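Work through the exercises below with the model open. Try each task before reading its solution.

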Amino acid sequence: MTATNMLRWGALGAFVAGLAWALSGIVQLVLVYPSNGPGELGSLSAAVIESLHALAECSMILALVGLRACHRSSFGRLGNVGFWLGSLSLALMAAITVGVLVAFDAIGETIASALILPGFVAMFIWIPIMGIAAWRAKQAPRYCAVLLILNPLAFVFLLASYGLGGIAL
């Protein structure tokens, strides 16, 4: 597969991931938010939300592969570290999300949250690393690199505004 084709698949992956994350937020807001919380494991709303999360996580891996194909030589070591850390953390998160979907209540919400936590924390590391690599490579527009670097701050802000429905933004 050529780098151009990999870039196209990566762009498709980024689009699908963004759409799936947005839809999961909308489903959360419409079906679950009035009762506050993610919904019980095994419920229809939890199954839809977790399915969208799994789709988004797998699509983000595809987006990372496309990004790497396009900027492999210019991202350097920092980009390689970000790519591998991102791919592994997303694969871990996707596997656990699918496990929750398959096993439903057998895993338990506390155990599932504890299992997914390392992948989730790794996102706070690899996304800014990819932003720094993009800034240094001067291959992507600067605003893209800045958005990647500031991503953890934006996430914390949205999570803090959860009571106001901010997580669905």
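**Exercise 1. Classify the exposure of F120 and F124, then describe their ring pair.**

Start with F120. Its relative accessible area is 30%, so F120 is partly exposed. The cut-offs are these: buried means under 20% relative accessible area, exposed means over 50%, and partly exposed lies in between (1.4 Å probe, protein chains only). F124 also comes out at 30%, so F124 is partly exposed.

A word on the source. This is a predicted model, where local features need pLDDT of at least 70, side-chain atom pairs count only at pLDDT 80 or more, and totals for chains, interfaces and linings use all residues. Residues are numbered from 1 along each chain as its sequence is written, and side-chain values use heavy atoms, leaving out hydrogens and water.

F120 and F124 are 4 residues apart in helix α3 (residues 109-137), so about one helical turn separates them. Helices (H or I, at least four residues) and strands (E, at least two) are DSSP runs, numbered from the N terminus.

Now find the other ring pairs. The whole structure holds 4 aromatic pairs. One of them joins F83 and W84: the ring centres are 4.9 Å apart and the planes meet at 75 degrees, so this pair is edge-to-face. F120 and F124 are also edge-to-face, at 5.7 Å centre to centre and 80 degrees between the planes. Rings of Phe, Tyr and Trp (its six-membered ring) pair if their centres lie within 6.5 Å; planes under 30 degrees apart are stacked, over 60 edge-to-face, and the rest tilted.

Ring pairs link F120 and F124 with F155 into a cluster.

**Exercise 2. Is F83 buried or exposed, and which charged end sits over its ring?**

F83 has a relative accessible area of 7%, so F83 is buried. W84 is partly exposed, at 47%. The charged end of R68 sits over the F83 ring, 4.7 Å from its centre. The rule: NZ of Lys or CZ of Arg must be within 6 Å of the ring centre and within 35 degrees of the ring normal. R142 does likewise over the ring of W135, with its charged end 4.0 Å from the centre.

**Exercise 3. Which helix gives the most residues to the nonpolar patch?**

Helix α1 (residues 3-32) gives the most, with 9 residues. L19 lies in helix α1 and is partly exposed, at 44%. The patch covers about 1,100 Å², and its residues include M1, W9, L19 and L62.

**Exercise 4. Summarise the fold: how many helices and strands are there?**

The protein has 4 helices and 0 strands. The order from the N terminus is α-α-α-α. Buried residues make up 35% of the 169 residues. Of the contacts between residues at least 6 apart in sequence, 70% join residues at least 24 apart.

Technical notes: Contact means heavy atoms within 4.5 Å. Patches are made of residues with over 30% relative accessible area and no salt bridge: like charges are joined within 9 Å, nonpolar side chains (Val, Leu, Ile, Met, Phe, Trp, Tyr) within 5 Å. Accessible areas come from the Shrake-Rupley method with a 1.4 Å probe; for residues, only the protein chains shown count as cover. A salt bridge is a side-chain nitrogen of Lys or Arg within 4 Å of a carboxyl oxygen of Asp or Glu.
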